[in-house]
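Welcome, and please take a look at the protein shown here. A short tour of its fold and some of its packing is set out below.

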Amino acid sequence: MFFFGTDIGVDLGTANVLVFVKGKGIVLREPSVVAMDKLTGRIIAVGEEARKMLGRTPGNIVATRPLREGVIADYDVTEKMLKYFINKACGRSFFFRPRIMVCIPSGVTGVEERAVRQAALQAGARQAHLIEEPLAAALGAGLEISEASGSMVVDIGGGTTDIAVLSLGGIVTSESLRVGGDKFDEAIVRYIRREFNLMIGERTAEELKMTVGTAYPQGKTENTVTDIRGRDLVTGLPKTVKVSSQQTYEAMQEVIESVVSAVKEVLERTPPELSADIINKGICMTGGGSLLNGLDTLLSKETGLPVYVADDPLSCVALGTGKALNMINVLSVNNRGTKKVV
Ligand SMILES: Nc1ncnc2c1ncn2[C@@H]1O[C@H](COP(=O)(O)OP(=O)(O)OP(=O)(O)O)[C@@H](O)[C@H]1O
């Protein structure tokens, strides 16, 4: 049950939703998937249960991901999902409505921003505050962003990659790409279709990426190989093929390069004093995509800077929204209507 003044932070991610409750920490972590009855619009399952249904539903049921590329693609379903998760995290019968801090990618438009705010309010929030994702990621990773010193964060989520240089509690230079783990998976699906004439689902591609996938095959001591299953496009029958780490790299190369060049571009636009700070502190990577094998090594080689993955990178944004809640009274509204720390 909610009591007056309860605050919650939400990492409304393309791949996962995390809910942080003040005083309790992260209380919910579930995939952003909803399964609905197509005819009645009734929700059948949300979160992990719905994720298992992806690509496996009969005609009348549809399992969807209401957020794509970091923003709301299906407003109604997002609102229902958010309501479900907030109720699940905090108990159904809340009398006093909470204040909610939700993160958004730094590149979202005003319309997309309003959609998130509305979804939070409709889901039961008394007040809905927004925080830009790189700011939340940096706070969650424990970077000292309020100092007069540059810190750099690269947050690679499911739908977006947010790159930012922060100083004095604000974003100095940033870039938000609509590229993330999902694009890696899609690239793998395309590659397997082209090279093996095999159709695989996004979940299989994601598993392949997490198990043998690499962004830096030179750094791997062995070229790991694994079996994957799908449907043969020629015979139409189920088939198993062997895929190696090297091949996953070839599949994802283009997407990986787009992330690396965006990081370089942000560095090129960074004022020299802050560049000097980043040489000392290095680049901090957060988000699930930062766990891709060899991505930190590749980024370090390409930029010539130290690169490290934050502790528990999947939780940084949610922890950051929680920290921002504690600082809510010292937050100011920046010109895009989102919150930034002063
Ligand atoms: N070990 C791993 N190796 C590679 N990728 C991984 C690994 N673990 C998770 N991921 C990827 O991380 C992504 C999810 O990360 P995260 O939960 O940070 O995203 P999100 O916050 O939901 O998305 P966004 O910030 O774009 O809205 C997925 O694409 C997932 O495949």
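## About the model

This is a predicted model, in which local features need pLDDT of at least 70 and side-chain atom pairs count only at pLDDT 80 or more, while totals for chains, interfaces and linings use all residues. Residues are numbered from 1 along each chain as its sequence is written.

## Overall fold

The protein has ten helices and 20 strands; these are DSSP runs numbered from the N terminus, helices being H or I with at least four residues and strands E with at least two. Its C-alpha trace spans about 60 × 55 × 30 Å along the principal axes. A compact globule of 342 residues would have a radius of gyration near 20 Å, and the protein agrees because its own value is 20 Å. That radius is taken over C-alpha atoms, and the globule rule is 2.2 Å times the number of residues to the power 0.38.

Of the 342 residues, 46% count as buried, meaning that 20 or more other C-beta atoms, placed from the backbone, lie within 10 Å of the residue's own. Among contacts (C-beta atoms within 7 Å) with a separation of 6 or more, 65% come from residues 24 or more positions apart.

## Helices α2 and α3

Helix α2 (residues 75–90) and helix α3 (residues 110–122) have axes that come within 8 Å and cross at roughly 45 degrees. The axes are lines fitted to C-alpha atoms over the stretch in contact, with angles running from 0 to 180 degrees between N-to-C directions. α2 is therefore oblique to α3, a term for angles left over once those under 35, over 145 and from 65 to 115 degrees are set aside.

On the α2 side, Y75, T78, E79 and L82 make the contact, and they meet A115, A119, A120 and Q122 of α3.

## Helices α7 and α9

Helix α7 (residues 245–268) packs against helix α9 (residues 295–303) at an angle of about 45 degrees, with the axes 10 Å apart. So α7 is oblique to α9. The contact joins V260, V263, K264 and L267 of α7 to L298, L299, E302 and T303 of α9.

## A closer look at E133

E133 sits in helix α4 (residues 133–140). It counts as buried because it has 33 C-beta neighbours inside 10 Å. Leaving out residues up to four places away in sequence, E133 touches C103, I104, P105, S106, D155, D162 and V317. From E133 to M210, the C-alpha distance is 23 Å, and the two are 77 residues apart in sequence.

How values were computed: Two residues are in contact if their C-beta atoms, placed from the backbone, lie within 7 Å. A residue is buried if 20 or more other C-beta atoms lie within 10 Å of its own, exposed if 12 or fewer, and partly exposed in between; C-beta atoms are placed from the backbone.
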